[in-house]
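Dear colleague,

I am passing on to you the structure shown below, together with an account of what was found in it. I would be grateful if you could read the notes beside the coordinates.

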Amino acid sequence: MNKVETSFLHKNQFGDDFLWGVSTAAFQIEGAHDTDGKGPSIWDVFTSQKGKIKNGHHASNACDFYNSYQNDIDLIRELNIPNFRFSISWPRIMPTGVPPINQAGIAYYNKIIDALLSAGIEPWITLYHWDLPHDLELKGGWTNRESVNWFSAYVEICVQSFGDRVKNWMVINEPSVFTGAGYFLGIHAPGKKGITNYLKAMHHVTLATAAGAKIIRNRIPDAHIGTTFSCTHIEPATQSSKDIEAAKRVDTLLNRTFIEPILGMGYPQGDLPVLKKLNAYIVEDDLNNLSFDFDFIGLQCYTREVVKSSLLIPYIGAELISAEKRNVISTDMGWEVYPPALYEVLKKFNAYNGIKKIIITENGAAFPDTLKNGKVYDIKRTHYIQDHLEQILKAKKEGLNVDGYFVWTLTDNFEWAEGYNARFGLIHVDFDTQQRTIKHSGLWFKDFLS
């Protein structure tokens with residue numbers, strides 16, 4: 001398969017300045033969980049607990065990116081991908097979350113950055129992609145107000161260590177997901193539950209996002225600074241007033257709760273009354289310290305959700321109707337394949353004042369992939385990417401702000417609670433041998449970017 005069939009899409013339709021890339025996360029790819037002085041993260045501990053991860057999988061080895069990073073960087077270059085987003089593992093830099101600093105961790109990320117630059121690939125660092133040092137979780141993790149200071153000290157070290165070569169920074173990845181799943185539902189690390197844990201974590205994470213961004217700005221005045229948000233297009237199941245109001249509450253929770261305080265608008269308490277409970281944790285100058293003038297906002301959109309009113313669901317009075325129940329095409333994650341969601345999300349976030357630039361920092365799909373005769377013909381993923389690019393193009397033609405697209409993800413990896421069952425990669429990984437095979441989708445993307 002030397003040449004992959006092309007669609008009607010052409011890279012030049014998006015403009016010369018449009019950013020193309022691929023995104024990853026340290027815990028999902030690195031492995032080497034206790035190598036060279038790395039401390040345990042909340043995800044190391046969570047995955048060691050029985051019944052937390054599908055099929056009992058763990059990420060002790062993951063994709064072994066820690067040892068095979070040069071090979072993977074060579075593959076990024078082979079795919080003509082000019083920008084690579086990766087995250088720093090906090091416990092690899094600070095094993096206990098606070099000083100002393102692990103110089104072996106600093107040296108490792110310096111090697112990655114240097115290898116990327118040597119290959120002509122621009123590094124994009126995410127400072128926090130969910131792997132909080134376990135020792136900090138023993139002190140309350142993100143529910144502890146001190147977490148803002150812990151995170152600030154960590155950011156200082158990263159900026160001092162890598163800021164001479166890295167210009168593109170993302171502060172925190174998808175706060176609504178890791179606070180909701182990890183501190184309210186308990187289905188992600190650290191496995192905490194309850195509204196109090198969630199609200200404390202939400203507030204402290206938002207404060208930490210702004211604090212981290214200010215540190216980068218002070219240390220690297222010309223840095224390109226952003227942060228990323230998970231966002232989902234929400235629709236009511238019917239046009240009844242109850243379903244419409246329920247959809248509004250879910251939209252507030254999933255799409256507005258974190259972006260609006262960052263933009264200086266405060267928390268959207270009027271449309272989601274449970275957020276008024278946050279007032280118990282807001283002190284002194286907090287409301288002024290929630291906001292930052294980001295250079296860009298990263299949006300991460302995969303699907304839409306259809307919502308109906310439900311008095312049985314506490315706090316939001318709403319229930320999501322699954323893709324399975326709606327009998328629609330879905331991915332291995334159970335997410336509906338609905339490309340217009342991306343266009344709708346771009347419209348929604350373009351309506352905010354104060355967002356200078358929007359980059360789609362994650363978009364992709366998990367499908368069952370089969371390696372046969374040395375090839376992976378993942379046509380569903382290829383079409384998924386193409387169809388979502390069509391939606392971005394539609395948005396651009398209408399004058400909406402969207403300046404880049406990063407595929408999730410480079411290689412099949414450890415997909416959190418799904419373990420290795422959900423494959424999102426442009427590159428297939430045999431997790432027994434660590435053999436890499438570029439999929440049809442990767443070959444299509446390579447040709448598209450050439």
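I427 has I438 of strand β15 as its bridge partner. The two strands concerned, β14 (residues 427-430) and β15 (residues 435-438), run antiparallel and are paired over four bridges. Together β14 and β15 make a hairpin with four residues between them, and Q434, in the turn, has a positive phi of about 65°. Please bear in mind that this is a predicted model.

Strand β15 also bears on helix α16. Among the elements that cover the buried residues of α16 are β15, β1 (19-23), β12 (375-376), α15 (379-397) and β13 (404-408). Helix α16 (residues 440-449) is largely enclosed by the rest of the structure because nine of its 10 residues are buried. The buried residues of α16 are H440, S441, G442, L443, W444, F445, D447, F448 and L449.

As to the nonpolar cores, the largest has 136 residues, of which W142, F151, F162 and W169 touch the most other members. Helix α9 (residues 195-219) is its greatest contributor, with 13 residues. Apart from this core lies another, of nine residues, which include A365, A366, W408 and F424. With residues up to four places away in sequence not counted, F151 touches W90, L127, Y128, W142, V171, I172, A208 and G212.

The largest pocket holds about 1,600 Å³ of space. Its lining comprises 50 residues, and V177, L185, I187, L254 and L320 are the closest to the centre of the pocket. By class, 30 of the lining residues are nonpolar, 11 are polar and nine are charged. At least two lining residues come from each of α8 (175-183), α9, α10 (241-256), β8 (304-309), β9 (318-321) and α13 (323-326).

T179 is placed in helix α8. Its relative accessibility is 0%, and T179 therefore counts as buried. Setting aside residues up to four places away in sequence, T179 touches F184, Y198, A201, M202, V205 and F258.

T126 belongs to strand β3 (residues 122-128). T126 is likewise buried, since its relative accessible area is 0%. Beyond its neighbours within four places in sequence, T126 makes contact with R85, F86, S87, I88, M170 and N173.

F367 is found in the loop between β10 (358-362) and β11 (371-372). Is F367 buried or exposed? With a relative accessibility of 7%, F367 falls under the 20% limit, and so it counts as buried.

With kind regards

Notes: Residues are numbered from 1 along each chain as its sequence is written. This is a predicted model: local features need pLDDT of at least 70, side-chain atom pairs count only at pLDDT 80 or more; totals for chains, interfaces and linings use all residues. Side-chain values use heavy atoms; hydrogens and water are left out. A nonpolar core is a set of buried Ala, Val, Leu, Ile, Met, Phe, Trp, Tyr and Cys residues joined through side-chain atoms within 4.5 Å. Buried means under 20% relative accessible area, exposed over 50%, partly exposed in between (1.4 Å probe, protein chains only). Contact means heavy atoms within 4.5 Å. Two strands pair if DSSP finds at least two bridges between them. On a 1 Å grid over the protein atoms alone, a cavity is a set of points where a 1.4 Å probe fits but cannot get out, and a pocket is an open set with protein on both sides within 12 Å along at least five of seven lines; lining residues have an atom within 4 Å of a point. Grid points are joined across faces, edges and corners, and a volume is the space filled by probe spheres set on the points. Ala, Val, Leu, Ile, Met, Phe, Trp, Tyr, Cys and Pro count as nonpolar, Asp, Glu, Lys and Arg as charged, and the others, Gly among them, as polar.
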